[in-house]
Amino acid sequence: MGGNPISFLKRLARSEAGNALAIVAASVIPIIGVLGGGLDMSRVYLTKSRMQQACDASVLAGRRSMVGLNWGTSNQDVATQFYRTNFPDGTLGTQAVDLRFTADANGGITANASTLLPMTLMRVFKIDDMPIAVTCKAELQLPNSDIMFVLDTTGSMAETNPGDTTSRIVAMRASVQAFYQTLENARTSGSVIRYGFVPYSESVNVGKLLKRDWMVDTWTYQSRRPNLPTETTTTTTSTDKTTTNGPVTVVSGSVQTIKSNLPLEDCTAPANAMTINKTENLATRSTPYPGGDEQVEVDKQRTRNGSTYSVGISGGQCVLTETRYTMYIDKWTQTTIPVGSTTTSTSTKYYWDYGPISYDVTPLKGTLATGLMAGGKIAATINNNHGVRQVTWAGCIEERDTVTGTDYTNAYDMDIDMVPTSDPRTRWRPALPHLVFARTAMTSYNLNTLTRITNNYQNVGDYMSGTYAVCPYTAAKLAQITPTQLSTYLGMLTPSGQTYHDIGLIWGARLLSPTGIFGNENATAANGGTIARHMIFMTDGDTDTEVNHYDAYGWPALDRRRSTALQTKAQQDATVAGRTAAICTAAKAKGITLWVIAFGTSLTSLLNDCASPGRAYQANNTAELNARFAEIATQIAQLRIVD
């Protein structure tokens, strides 16, 4: 190197050509921080987003798997599986996720998930791991809703399903209450939920919900009326002998009384099964009696082996009594005493006309001030010996005019929304089975009017303690109710009668419709908003009718309003089933979501087709019934993620 070394150093100090390297070297660390931070923060954001999605999916799945408000291990397992499926351990390099679930008293499910995400370039700044945590919550939220229950309360609801410990009707009460609580917990602030009920069997008890102008003033029943005048005769009879039986003593053997229940739909005693049933005379003695006659004593002995059967109605149940004899022998003495006497008696013959009789039913109407049906009694001269009977109206109705075919275009009874007019054909009629009489017998369907006869034929309302003319508990219009009110109402439902699905469904639709007879009450919610409308139809059996049971179309054996000819049971079952299908279609056409539960019975094609798509269920026992009602409640409410 030539020249002055001091001069060279001065020139080097003033030169800028070598500064770039130093500047670049000094800039590497900040650049790594900027780029590394951006990269790692992108990983943090992506990881948290994926965790949030997995969290949301887990609580939705867990809440959907719950029955009512019960959160258990199985529900947590479902929720955990959904989380792990959507965000397996090690996703995006994360460490194992700490996942915790909690349930609140209203059925809301909250999840908290946390993990550590290892950093890459951020390690330069001694940041090895970044903690990531997410939280999520799922709950049911319910908008304005009208829920109409159409509940089977027929006799078979008193039975108990295999494996259950309570009857079907007890199980139904508990399931409806749990359903109610689920929806109440899901109700959003300001939303209105109303509940209505139509218990049904052979008819429905809706009469006292109706305006007085919707009911006829007169109606014709298959009844009887006095045919005057009466005839009085005097009869003289002579009694020659008096026979009495002494105390009965048991010689040997045993007798046992066994009671069991039969379905009300088939309350018929089997034939007696006696292998021995005979009475024999053991000895005869004669002793003188004043007046030259003799007193005769006969020792009698009776032997019985086998069983006799009888049925009766007790507490709304059909009770079968078996009396079982095991070589049962008893004896007594029969004494005959000759007593000469003359008796004079007077008897009166009371004549009747049996046939269609018109009655004034206006006493059952309320005042013009109330405008509603009031109930009460009407006086009718139908008791034996031309006695007057006060016939009480329980509230069930006979339907308005119908047709006898399958074209329901002009069937007023099948019209959900039609408001009655002044035309009596469009109005309903009070069901009064105690005005109705069989013509010769309950199973002899003689259409001829029977005139001036003395026979006292069977009153249909009295027959078998009223089980051939069942009137269910009163229906309830849509209203907001408390848990206590619900429990009280359900407790009044008792099982009795045959199964006529059509009458329950048509009145469920009428009470729910926003454009029918209760349209002014149903069109909008109390808060002015729109309403989601649901009908929940629960039954435990197929259509099951009887032609000699008084139903919503009178006494079919004689009235024949659904068919011009007398139908067999199978034919009438088919007629009612066809009407059921038509009513289901009409209800769904009005925008009503129709849910069907077959409880303790098969989900037949009739029931499946009745439901809205995907809304038919089968429940074989109480646990499954609870699950079905809970599932329906979850679907009616809107399961959603909340902040």
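With which residue does Asp146 form a salt bridge? I found Arg194 as the partner, with the closest N and O atoms 2.9 Å apart, where a salt bridge is a side-chain nitrogen of Lys or Arg within 4 Å of a carboxyl oxygen of Asp or Glu. The pair links distant parts of the chain, since Asp146 sits in strand E4 (residues 145–152) and Arg194 in strand E5 (residues 193–200), 48 residues apart; strands are DSSP runs of at least two residues, helices (H or I) runs of at least four, both numbered from the N terminus.

I note for the record that this is a predicted model, in which local features need pLDDT of at least 70 and side-chain atom pairs count only at pLDDT 80 or more, while totals for chains, interfaces and linings use all residues. Residues are numbered from 1 along each chain as its sequence is written, and side-chain values use heavy atoms, with hydrogens and water left out.

I then looked up burial (buried is under 20% relative accessible area, exposed over 50%, partly exposed in between, with a 1.4 Å probe and protein chains only). Asp146 counts as buried at 2% relative accessibility, and Arg194 counts as buried at 13%.

Next I turned to Arg561, whose side chain meets that of Glu398 in a salt bridge at 2.3 Å, N to O. Arg561 lies in the loop between helix H8 (556–559) and helix H9 (569–589) and Glu398 in strand E15 (residues 397–398), so this pair ties together parts 163 residues apart in sequence. Glu398 is buried, at 1% relative accessibility. Arg561 also meets Asp559 in a salt bridge, at 3.7 Å, N to O.

My search of the whole structure gave 28 salt bridges.
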